[in-house]
Every structure is written in C-alpha cells, then in structure tokens.
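Please keep the sequence and the model at hand while reading.

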Amino acid sequence: MLAVLQEVPDPEVPVVSVVELGIVRDIDWLDGRLAVSVTPTYSGCPATEVIEQHIHEALVAAGYSDPLIQRRLSPAWTTDWLSEAGREKLRAYGIAPPVESASKRSLTGQPDPVVPCPLCGSNATERVSEFGSTACKALYRCRDCLEPFDYFKCL
Ligand SMILES: [Zn+2]
C-alpha cells in the first residue's frame, strides 16, 4: 500500500515522492474505504490539490476503490518530516533542501537561514527572489559557482 504512494511524485519536484516529502501523514480504513491523510507543505501551496488528485488516481489504479483523501492542516508540516532520502534527492536535483525546521527558526528569530549551494556546497549564497520557479520555492544564487538554484521554502 505504501509502495503505491512511494510512486506518487511531488508535482513540483518529480524526483521526490509524496512519502519522502513527508506529507502523507496517516493511512487507515474508514467504513471500508482506504483513507489517506495529506498535510500540505504549507496551507497555501497550490500543488496540494494536484497532489491529492495524483494520490487518488494512483490508489484507484492499484485497485483501491473509492479511496478517501483527507487534508489535514494540523499539526502543520515541518521540514523535519522530509526524509533523509528526500533531502538527498532534492540536492541531487539542484534544489537546496530546507535547512532547519520552522519552529527552530522562529525561536532563533532568523528569517534567512544560510542555504548551502546544492551544486558546490558553498555557504556563500544569497536570495535573489522570494519566489523561484514555483510559489513553494525561493530563488537563490551562489557567489562561488555563480549558479542560480531553487530553495525548497517552508513555513
Ligand atoms: Zn555553488
């Protein structure tokens, strides 16, 4: 069952599955229907509906009739839910994975954590734009290898 969801990619970062992203929170049977709880990476993420639709389609294709996809907003997704494999895949894809959890960030009061360059590992990076290729990413630039890259933003 989990194997089915491991095949469902994140529409924004196709190399990472929804399971590796950590947004599949719960799987259960509810009145004979398979119920999957999904927590979006942040509540305004426009990809959430697409993700839910893809999960639904994958389950139906795997033989689960009429699966129930539930959106669970609480507790909110944190970067701690992103699996280590998911982080590695993001990096390999040229996207800097989230560097620290939102809770830690608010405690230290640092709005802009150091984001290491996914291409050369340098910490000499700067944010170019709050929005990268999609609303869920910010655009950064590396001052060492001069390459622009996306940072997987999280709130
Ligand atoms: Zn670099």
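In this predicted model, D66 has a relative accessible area of 47% and is therefore partly exposed. Its side chain forms a salt bridge with R33, and the closest N and O atoms of the two residues are 3.1 Å apart.

Strand β2 is mostly covered, with five of its six residues buried. Strand β1 (residues 24-30) runs antiparallel to β2 and is joined to it by six bridges. Within this pairing, I27 stands opposite V36 of β2. The two strands form a hairpin with two residues between them, and D31 in the turn has a positive phi of about 50°. Strand β2 also pairs with β3, in this case in parallel and through four bridges. Here V38 is found opposite R71 of β3.

The salt bridge between D66 and R33 belongs to a total of eight salt bridges. Another one joins E20 to K89, with the closest N and O atoms 2.9 Å apart. This pair also links distant parts of the chain, since E20 is in helix α2 (residues 18-21) and K89 in helix α4 (residues 84-92), 69 residues apart.

Salt bridges with shared partners join E126, R141 and R143 into one network. R141 is partly exposed, with a relative accessible area of 40%, and E126 is also partly exposed, at 26%.

The metal site comes next. Which residues coordinate the zinc ion? The donors are the SG atoms of C117, C120, C142 and C145, at 2.3 Å. Along the sequence, these donor residues follow the spacing C-x2-C-x21-C-x2-C. C120 is in the loop between α5 (102-108) and β5 (125-129), and C145 is in the loop between β6 (137-142) and β7 (148-152), so this pair ties together parts that are 25 residues apart in sequence.

Why is the arrangement around the zinc ion tetrahedral? The four donor atoms subtend angles of 105 to 116°, and the arrangement qualifies because all angles lie between 85 and 135 degrees. For comparison, the ideal angle for four tetrahedral donors is 109.5 degrees.

C117 is buried, with a relative accessible area of 3%. C120, by contrast, is partly exposed at 42%, and C145 is partly exposed at 28%. As for cysteine pairs, a search of the whole structure finds zero disulfides.

Conventions: Residues are numbered from 1 along each chain as its sequence is written. This is a predicted model: local features need pLDDT of at least 70, side-chain atom pairs count only at pLDDT 80 or more; totals for chains, interfaces and linings use all residues. Side-chain values use heavy atoms; hydrogens and water are left out. A disulfide is a pair of cysteine sulfur atoms within 2.5 Å. Buried means under 20% relative accessible area, exposed over 50%, partly exposed in between (1.4 Å probe, protein chains only). Donors are N, O and S atoms within 2.8 Å of the metal (3.2 Å for Na, K and Ca); water is not among the atoms, so sites may look incomplete. Four donors count as tetrahedral if all angles lie between 85 and 135 degrees; four count as square planar and six as octahedral if opposite donors are over 155 degrees apart and all others between 65 and 115; anything else is irregular. A salt bridge is a side-chain nitrogen of Lys or Arg within 4 Å of a carboxyl oxygen of Asp or Glu. Two strands pair if DSSP finds at least two bridges between them.
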